[in-house]
Amino acid sequence: MRLIYICDECGRYIDEIEMGIINEDRLGFDVLTPEEREDLVHLDWNRQVGTVRAICDSCWGEGSTEKEQDGEIIH
Ligand SMILES: [Zn+2]
């Protein structure tokens, strides 16, 4: 199965990986609640394609910058 990572913020294609056997523990999906997993991970077993919603580097960078600025204001 091929897993395609798409940015949840801007919809940009991030990356994709080819997996012989899906092991959800190895993917880190076990840290998600069942609701989050349903929302973020869509596996199409017929087409052998899964899409995973993630955050791309640029969106992630923007978010962390905002948090740092908030922290400085508080301090
Ligand atoms: Zn993005």
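Which residue in strand 4 does Ile4 stand opposite? What we have here is a predicted model, where local features need pLDDT of at least 70, side-chain atom pairs count only at pLDDT 80 or more, and totals for chains, interfaces and linings use all residues. Residues are numbered from 1 along each chain as its sequence is written.

Now, back to the opening question. Ile4 stands opposite Thr51 in strand 4.

Let me zoom out. The protein chain has three helices and four strands. Reading from the N terminus, the order of elements is β-β-α-α-β-β-α.

On to the sheet. Strands of a sheet pair through backbone hydrogen bonds, either parallel or antiparallel. For pairing, the rule is that DSSP finds at least two bridges between two strands. Here, four strands form an open sheet in the order 2-1-4-3, with mixed pairing. Strand 2, residues 13–18, and strand 3 are at the edges with a single partner strand each, so one side of each has no neighbour in the sheet. On average, neighbouring strands of this sheet are turned by 15° against each other, direction ignored. The axes behind that angle are lines fitted to C-alpha atoms, for helices over the stretch in contact, and angles run from 0 to 180 degrees between N-to-C directions.

Let's take the pairs one at a time. Strand 1, residues 2–7, runs parallel to strand 4, residues 49–54, and six bridges join them. Tyr5, for instance, has Val52 in strand 4 as its bridge partner. Strand 3, residues 41–44, runs antiparallel to strand 4, with four bridges between them. Leu43 is partnered with Gly50 of strand 4, and Asp44 with Val49.

What do strand 3 and strand 4 form, with four residues between them? They form a hairpin, and Gln48 sits in the turn. Most residues other than glycine have a negative phi. Gln48, however, has a positive phi near 60°.

Is Gln48 buried or exposed? Gln48 counts as exposed because it has 12 C-beta neighbours inside 10 Å. The cut-offs, with C-beta atoms placed from the backbone, are 20 or more other C-beta atoms within 10 Å for buried, 12 or fewer for exposed, and partly exposed in between.

Two other residues are worth a look. Tyr13, in strand 2, is exposed, because 10 other C-beta atoms lie within 10 Å. Its C-alpha atom is 9.7 Å from that of Arg53, 40 residues apart along the chain. Ile21, in the loop between strand 2 and helix 1 (24–27), is also exposed, with 6 other C-beta atoms within 10 Å. Between the C-alpha atoms of Ile21 and Arg2, 19 residues apart along the chain, the separation is 10.0 Å.

Finally, two totals. Buried residues make up 1% of the 75 residues in the protein chain. Of the contacts with a separation of 6 or more, 51% are between residues 24 or more positions apart; a contact means C-beta atoms, placed from the backbone, within 7 Å.

Methods. Helix = DSSP H or I, 4+ residues; strand = E, 2+ residues; numbered from the N terminus. Contact = placed C-beta atoms within 7 Å.
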